[in-house]
Amino acid sequence: MCGIVGYNGNRNAAEILLEGLSKLEYRGYDSAGLAVRNGTSDVEVVKAKGRLRVLAEKTNDGKALKGNCGIGHTRWATHGEPSEKNAHPHISDDRNVVGVHNGIIENYQELKEKLLRHQYTFYSNTDTEVAIKLIDYYMKKYQEGPIDSIARAMTRIKGSYALAVMFKEYPEEIYVARKDSPMVIGTKGEETFLASDVPAILKYTRNVYYIGNQQIARLGKGSAEFYDIDREPVELESTEVTWDAEAAEKGGFEHFMIKEIHEQPKAVRDTIASVVKEDSIDLSEAGLSDELLAGVHSVVIVACGSAYHVGLAGQYVMESLAGIPVRVELASEFRYRDPLLDPKDLVIVISQSGETADSLAALRLAKERGIMTLGIVNVVGSSIAREADRTFYTLAGPEIAVATTKAYSAQLIAVYVLAIQLAKVRGKIDAETYRSLIDELQTLPKKMDRVLEDKERIQWFAAKYSNAKDMFFIGRGIDYAISMEGSLKMKEISYVHSEAYAAGELKHGTISLVEDGTLVVGVCTQSRLYEKTLSNMAEVKSRGAYLMGLTSYGNYAIEDTADFTVYIPRTSEYFATSLAIIPLQLLGYYLSVARGLNVDKPRNLAKSVTVE
Ligand code: G6P
């Protein structure tokens, strides 16, 4: 939530900042702002409500702002409505400190009252203005420099933050600090860049530092020095970003989402290749030996959003294949109850960004209880990746569209692979079944390509039903997990009210919502449950529903019931989610396009939810 950029070098900062912010708009887009310094002159602050282009127009694409040291921000409102007044950067009363912030300061009311008692005034409703003025307060009170003042503020602030701050008396420097919100710093020659996420600076440098939790950095032109909260210098190693800048560009597609849908076969192929060595699964890079897996008595999967749906699909696969008890929990719920955990549990936190606040808190809770944790994470160097005892990296590459697709698909592979390996070490499958499951896994990318070839039919269907008001997705078993993800895709990008139901549960209430023309998608990939779901589909059809069926080639009897059917290639039923989800992603995508909506940046949502 919220995107931060910074630049300190010899070029015109505002242009670079706007360019960087354009790569971070997926993190928030209700207002934006820049603060730029030119040598010893006063800082210039420009802000605008609305999308980034409003700020770009206001500043003539940054050319109207002179200065080669600056910070920028694109906002996803938490405290205070989207407005120019609440947009960042925020500045202290005498313009001594100016800064931008990503995260939430939980005790900002208490800090504000303290500052009000010391004659500070406030022009916005944001927690950020409080943080900036608190730093200013400590600077004046103790007559110390930026690192000390920031460190003092950090010990008072509760919550999460990534802060980038400039000081009047230090015109050639930017200071940053972070706790539980992401921040990456890059240097090249005489230039330094900072951002909430790598794509914003990749055009300029591949040499990056992931500043640690509760650390502070002083950024000069081409230099970065790091300190801990006790103001002691710390040494950080830089990392070379290996993925291509193009991976974060649209590459000829109209939207990032459709590009990322098409990248799924590659994401899946790469993730499989990273763990399948010579026809067997090798999880040593994730630190998961067979002995260690054999000692696990039950699994608890914790995640948010689509990653939670991966967990639900994974639960069916792991329980049935490996015979191990699996619990799946929403991270926001898990963290605030007193979950029963056993020392022999494995807690798996699934997260694309590795920064989702609730997932991170859940991970920490499990660690505090001394339970072994595994992160299934896409973003290298993210908080969950670093803090989990063990990390399984999905190789989906950078995902930009707010609605996840390829990271979700790569996460599914991670849970399948774990399920197969757990089944092996627990003696639940023989060597032949083990081999055949791995072989089948490796056929998935090609089969996904085949599903994608069918996209025009779905496009046609989506255009025809673009004014749908209500939709239901129904299925049983794994098909219910698929339905949940299909339904989420639909509501998040198409704004169609949509719900997923376990097909057998419809009769207990929901069926009363079905009327003439209600769109219902029936997912039937599981042969054991096929007839059962078909009957439920027939029940809604007889009450007026228009039915889309989703099943595997060969199950043609579905056409007697469904009005429109989409087929996927046959695969092991354990892996059906990987194929069946694609038509549902495409349905959400094309419906959103047909309705003229902003597919990649749906209203009110952000890709990386770093606040709870
Ligand atoms: C947001 C995104 C979803 C994502 C969820 C969890 O809501 O819009 O696409 O599934 O966060 O994110 P994570 O980065 O933890 O996978």
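Here is a tour that begins at the ligand and then visits the core, a helix and some loops.

Before you click, know that this is a predicted model, where local features need pLDDT of at least 70, side-chain atom pairs count only at pLDDT 80 or more, and totals for chains, interfaces and linings use all residues. Residues are numbered from 1 along each chain as its sequence is written, and side-chain values use heavy atoms, with hydrogens and water left out.

**Stop 1: the ligand**

Helices here are DSSP runs (H or I, at least four residues), strands are E runs of at least two, and both are numbered from the N terminus.

Now look for polar contacts, meaning pairs of N or O atoms within 3.5 Å; within protein, one must be able to donate a hydrogen and the other to accept it, and residues adjacent in sequence count only if both atoms are side-chain atoms.

- Thr356: a side-chain N or O atom sits 2.5 Å from a ligand oxygen.
- Ser306: a polar backbone atom is 3.0 Å from an oxygen of the ligand.
- Val402: a backbone N or O atom is 3.3 Å from a ligand oxygen.

On its own, the ligand has 380 Å² of accessible area, and the protein covers 90% of that. Such areas come from the Shrake-Rupley method with a 1.4 Å probe; for residues, only the protein chains shown count as cover.

**Stop 2: the nonpolar core**

Next, select Met318, Ile348 and Leu587, which touch the most other members of the 127-residue largest nonpolar core. A core is a set of buried Ala, Val, Leu, Ile, Met, Phe, Trp, Tyr and Cys residues joined through side-chain atoms within 4.5 Å. Buried means under 20% relative accessible area, exposed over 50%, and partly exposed in between (1.4 Å probe, protein chains only). Helix α13 (residues 406-425) gives the most to this core, with 12 residues.

Zoom in on Leu587: beyond four places away in sequence, its contacts (heavy atoms within 4.5 Å) include Phe461, Met490 and Met548. There is also a second, separate core of 29 residues; pick out Tyr137 and Tyr138, which are among them.

**Stop 3: helix α16**

Select residues 478-494 and find Glu492. Is Glu492 buried or exposed? It counts as buried because its relative accessibility is 13%. Ile493, in the helix α16 too, is buried because its relative accessible area is 0%. Draw a distance from the C-alpha of Ile493 to that of Gly588: they are 95 residues apart along the chain, yet separated by 6.6 Å.

**Stop 4: loops**

Finish with Pro89, in the loop between β4 (69-75) and β5 (90-91). A cis peptide bond joins His88 to Pro89, with omega about 0°. Then go to Asn60, a non-glycine residue with a positive phi, near 50°.
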